[in-house]
Amino acid sequence: MELYLQVRLACADGMSQRAAAKRFNVSRETVRKMLSFSSPPGYRRQSVPQRPKLDGFVAIIDGWLEGDRSVPRKQRHTAKRVFDRLRTEHGFTGGYTIIKDYIREREQRSREMFVPLAHPAGDAQADFGEALVEIGGVEQKAYFFALDLPHSDACYVRAYPAAVAEAWVDGHVHAFAFFGAVPRSIVYDNDRCLVAKILPDGTRQRATLFSAFLSHYVIRDRYARPGKGNEKGNVEGLVGYCRRNFMVPIPKFPTWEAFNLWLEEQCRKRQQDKVRGQSETIGERLERDLAAMQPLPATPFEACDQKGGRVSSQSLVRYRTNDYSVPVAWGHQEVWIRAYVDEVVIGCRSEVIARHPRCYAREEVVFDPLHYLPLIEQKINAFDQAAPLQGWDLPEAFTTLQRLMEGRMHKHGKREYVQVLRLLETFTLADLQAAVEQAIDLGAIGFDAVKHLVLCRIERVPPRLDLDVYPFLPRTTVEKTFARAYLSLLSDRQEAA
C-alpha cells in the first residue's frame, strides 16, 4: 500500500507513467494498474475452474456420500476411500487432490445453518454433563445437572453419582429453591429418564416420575429433536463452561454435599459477571427472569422412585439389582421402597423399617448388622459365619469383651455377646463402648453388667454394680505372665502323681 500511495502521488503531480515505472522500479503495466485501482485488486478468477477428469464421476461420488447419511459416522466414506473406489471400480485417472477438494467444498455447502433465537424471560433449559471428581478420596465420574435461564444466563449446577431419574428431579427441586421461583417452560433432550417413548406423531410419552414432577410444578415441557443439541444451545454451552471453570483442576471434596454447596457458591458468584454483548450483569437481568417465573408451590416435590417389593427368607429386599436388608421380624412381608438420590427407604404399611445409603453398583448386598442380631441370638452357631457381621468395624473393646466372654462361658458367652451388641438397637455406639470398657476394667464380664453400666451412663447416676449380688457373673483377674508361674503347675502335677 505504501508503494501504491507513492506512485499515485507522483503521477498526480505530473510524472508520466514511463518515468514512474523507471523511478519506482516497476513495470509500466503495474503503474497503469496502480492508477486504475486505489488498492491492490488481488487475483480475480474470470471463470469457474474446469475439472474434466472429475466431472464424469461427480454423480457417483454424490450417490456414495448421500448413502452415508444412513450409516454410522465412523463407517462413512473418507476422501481417500472415495479415491480408491473410483480408481478400482470406475477407472478414474485423476489425482487425489481434486477428490479431496470436491468433498470438502461439498461438505461446506451442505452444512446446516441456524436462526438466531430470542429468549423471553421466565424460560429455562436443562441438561446433564459429566466430569471426573474426587469424593472422599475416591476418584470417580460425576454427573452434574445444569439448569440455564437463557434470558439472563443465570445458572444452577448440582452433582450426582449417577444421572438417574431421581437425580433429574432432585436437581430441579434444588434449582427452584435456589432461585426461589419456577420457570414457565423448560427445554429438554430426549433422555430415557424423562421420555419413555417418542410416538409416531412426534409427541413424547413421559416417564411416570417426570410426569408427576411436571404436574406438581405446572411446567410446560418442550423437547429438542433427537441429535439436535443446538435447539437447547444455551445449556449445552453452560455444561462446557462448568466443566472448564468449575471442574478444572479435578475437584476434591469429602462428601457430595460439600461439593454441591461449593457449586452453589460458584453459581452465585457468576451472577456478578457481564456476558459479552450485555451492558447489565447476570444478576441484574435475573430480576426480569424471576419476575416472569411462577411462585414455588407450598411443598417441594419428593424426588424419589417408588416401588413395591417383598422381603426374602434372608431378610433382603431387592431394588434395581441390589439387595438391602431389613429387620428379620419383617420376613416374607410385602413392603414399599422409596429410592432417593442418596438413600433407600423401606417400609411396611405405615412404618419405616429400614434406611440404607443408595448403592449405584450392580448386584451388591447392603447389610445392616443390627437387622440380623435377633436371629443370630437364636441361631448362635451361625455367629462366626454370619455375612452381615463380616467387616463390621467395631471398637477394639468389643473384640476384647467377645474374647473374654467366649473364653469363660463358651457357647453361652457367645450368645451373651450378641445380647450386648443388641443394645445398639437402643443406645448409641459411643455410650455402649464406654460401658463395655468400664465393665472390662471392673472385671464384670456379662450382659447384665454392661446393660447396667450403659443405663447409669445415660441417666447420669453412679453405677451400683456389686458382684456379690450377681454370683453368676464371673470375676476376671488378668495378671502378667512370668516363667516361674509354670513351676507351680509342674509341682502340682508331681504332688498329684
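User: Quick one on Tyr241. Is Tyr241 buried, partly exposed or exposed?

Analyst: This is a predicted model. In it, Tyr241 has 23% relative accessibility, so Tyr241 counts as partly exposed. Buried would need under 20%.

User: Which ring does Tyr241 pair with, and how are the planes set?

Analyst: Tyr241 pairs with Phe246. The ring centres are 5.9 Å apart. The planes meet at 80°, so the pair is edge-to-face. The cut-off for that label is over 60 degrees.

User: And Phe246, buried or exposed?

Analyst: Phe246 is at 6% relative accessibility, so Phe246 counts as buried.

User: What lies over the face of Tyr241?

Analyst: Arg270 does, at 4.7 Å from the ring centre. Trp336 has a charge over its face as well: Arg338, at 4.7 Å from the ring centre.

User: New topic. How many aromatic pairs are there?

Analyst: The count comes to 24 aromatic pairs. One of them is Phe176 with Phe213. Their centres lie 6.1 Å apart and their planes are at 15°, so this pair is stacked. Stacked needs planes under 30 degrees apart.

User: Where do Phe176 and Phe213 lie?

Analyst: Phe176 is in helix H8, residues 165-179. Phe213 is in helix H9, residues 208-217. The pair therefore ties together parts that are 37 residues apart in sequence.

Key: Residues numbered from 1 in each chain as written. Predicted model: local features only at pLDDT ≥ 70, side-chain atom pairs only at ≥ 80, totals over all residues. Heavy atoms only, no water. Phe/Tyr/Trp six-rings, centres within 6.5 Å; stacked < 30°, edge-to-face > 60°. Helix = DSSP H or I, 4+ residues; strand = E, 2+ residues; numbered from the N terminus. Buried < 20%, exposed > 50% of the residue type's maximum accessible area, 1.4 Å probe, protein only. Lys NZ or Arg CZ within 6 Å of the ring centre and 35° of its normal.
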